[in-house]
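Opening the notebook on this one. I'll jot down each thing as I look it up.

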Amino acid sequence: MSTQIVTTESIELLRTKAPVLPFAPVQYDRAYHDTFNNILRQYFNTLDNFVARLNAAALNTLALPQGAFFQDGVTTLSANINNAVTTIPVVDTTNFISPGAILIGSEVISYTGKTPTSFTGCLRGQYGSSAASHLSGVYVGEIQPPTGAVALIMTNTTSSNGVTLDPADKSKIVFETAGYYNIQFSVQLLSFDNAVDNVTLWFSKNGTNIDYSAGLGTIPARISASKPATAIISWNLIVDVNANDYIQLYFASDSGNTLAVTYPPGTSPAHPTSPSVILTATFTSAL
């Protein structure tokens, strides 16, 4: 991919050369000065016109490398379930990672597999939550649990120009064009623990941790058995990459019980889905 733009305006600039100015006479000569000023006036008018057209063209055609990605597995139950079933029937599992975990009400359920319309091999009441019965039609949100240090996955792309998700491993953000990129992210966290927990997030490039990219956050203890603690962690950093490099966002919890969770849309107040992970990469300059 190339981000260079060739327009009629840029070609005109290449053809525009500084004028050859006449030598000044020994004595004052008004005709000379009039000619001199007219030459400069025409030259600067040409430059002004070029800049105006180039600005207008850039607003319509300039496309720098960038990518915006998120993870937001959300569906609904397709039938009532009790607190013991190990296969969870839902409308659609397309955007859910497998194996993984889900949040229904205030219960966390892990699963080992999925079909297009169900989660299988489920363990109920995980990560400090309690198993419960749930009604058909309630929302089901996706969870990315930390199994040690886990690279967070994003299956959805909002926009992309030369920055893409690796189709074989959607934790990897791949860059087609070398440069410096502003990387910004947010992670929605949840914990049912009775104790405070610390989480660490950091970046790697091509499988090697990026120096000084880590940050720590503190997650409070849960409010009650039905009200977990929640937090959003977010920051940005500048990363230099070569063509075809990739980066990954890693996440770890000291207790192992703080989870990256997608909250479904709400009704009181009405609000959209809260994705577990949002990440953007924006080109800032060449190397």
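Which residues make the nonpolar surface patch of about 290 Å²? I find Tyr180, Ile238 and Leu287 there. Patch residues have over 30% relative accessible area and no salt bridge, with nonpolar side chains (Val, Leu, Ile, Met, Phe, Trp, Tyr) joined within 5 Å and like charges within 9 Å. A salt bridge here would be a side-chain nitrogen of Lys or Arg within 4 Å of a carboxyl oxygen of Asp or Glu. Areas are Shrake-Rupley with a 1.4 Å probe, and for residues only the protein chains shown count as cover.

Ground rules before I go on. I'm looking at a predicted model, where local features need pLDDT of at least 70 and side-chain atom pairs count only at pLDDT 80 or more, while totals for chains, interfaces and linings use all residues. Residues are numbered from 1 along each chain as its sequence is written, and side-chain values use heavy atoms, with hydrogens and water left out.

**Tyr180.** I place Tyr180 in strand β13 (residues 179–191); strands are DSSP runs of E, at least two residues, numbered from the N terminus. Tyr180 is partly exposed at 34% relative accessible area (buried is under 20%, exposed over 50%, partly exposed in between).

**Strand β1.** Is β1 (residues 66–71) largely enclosed or open? Largely enclosed, because 5 of its 6 residues are buried. β1 runs antiparallel to β10 (residues 156–161), and 5 bridges join them; pairing takes at least two DSSP bridges. I noted Phe70 opposite Asn156 in β10.

**The β3-β7-β6 sheet.** Three strands in that order make an open, antiparallel sheet. β3 and β6 (113–115) are the edge strands, each pairing on one side only. I get 2 bridges between β3 and β7, and Pro89 has Ser118 in β7 as its bridge partner.

**Aromatic pairs.** How many aromatic pairs does the structure hold? I count 9, taking rings of Phe, Tyr and Trp (its six-membered ring) with centres within 6.5 Å; planes under 30 degrees apart are stacked, over 60 edge-to-face, the rest tilted. One of them is Phe96 with Phe119, edge-to-face at 5.1 Å centre to centre and 70° between the planes. Phe96 sits in the loop between β3 (88–89) and β4 (100–104) and Phe119 in β7 (residues 118–120), so the pair ties together parts 23 residues apart in sequence. Phe96 is buried at 4%, and Phe119 is buried at 0%.

Next I checked Phe185 and Phe203: centres 5.6 Å apart, planes at 70°, so edge-to-face. This pair links distant parts of the chain, with Phe185 in β13 and Phe203 in β14, 18 residues apart. Phe185 and Phe203 are both buried. I also see Phe96, Tyr111 and Phe119 linked into a cluster by ring pairs.

**Strand β14 (residues 197–205).** I looked up two residues here. Thr200 lies in β14 and is buried at 18%. Beyond four places in sequence, Thr200 touches Ala214, Gly215, Leu216, Tyr250, Phe251 and Ala252 (contact is heavy atoms within 4.5 Å).

Leu201, also in β14, is buried at 0%. What does Leu201 contact, leaving aside neighbours within four places? My list includes Leu152, Phe185, Val187, Ile233, Trp235 and Leu249. Last entry: Leu201 and Asp48 are 153 residues apart in sequence and 49 Å apart in space, C-alpha to C-alpha.

Technical notes
Helices (H or I, at least four residues) and strands (E, at least two) are DSSP runs, numbered from the N terminus. Buried means under 20% relative accessible area, exposed over 50%, partly exposed in between (1.4 Å probe, protein chains only).
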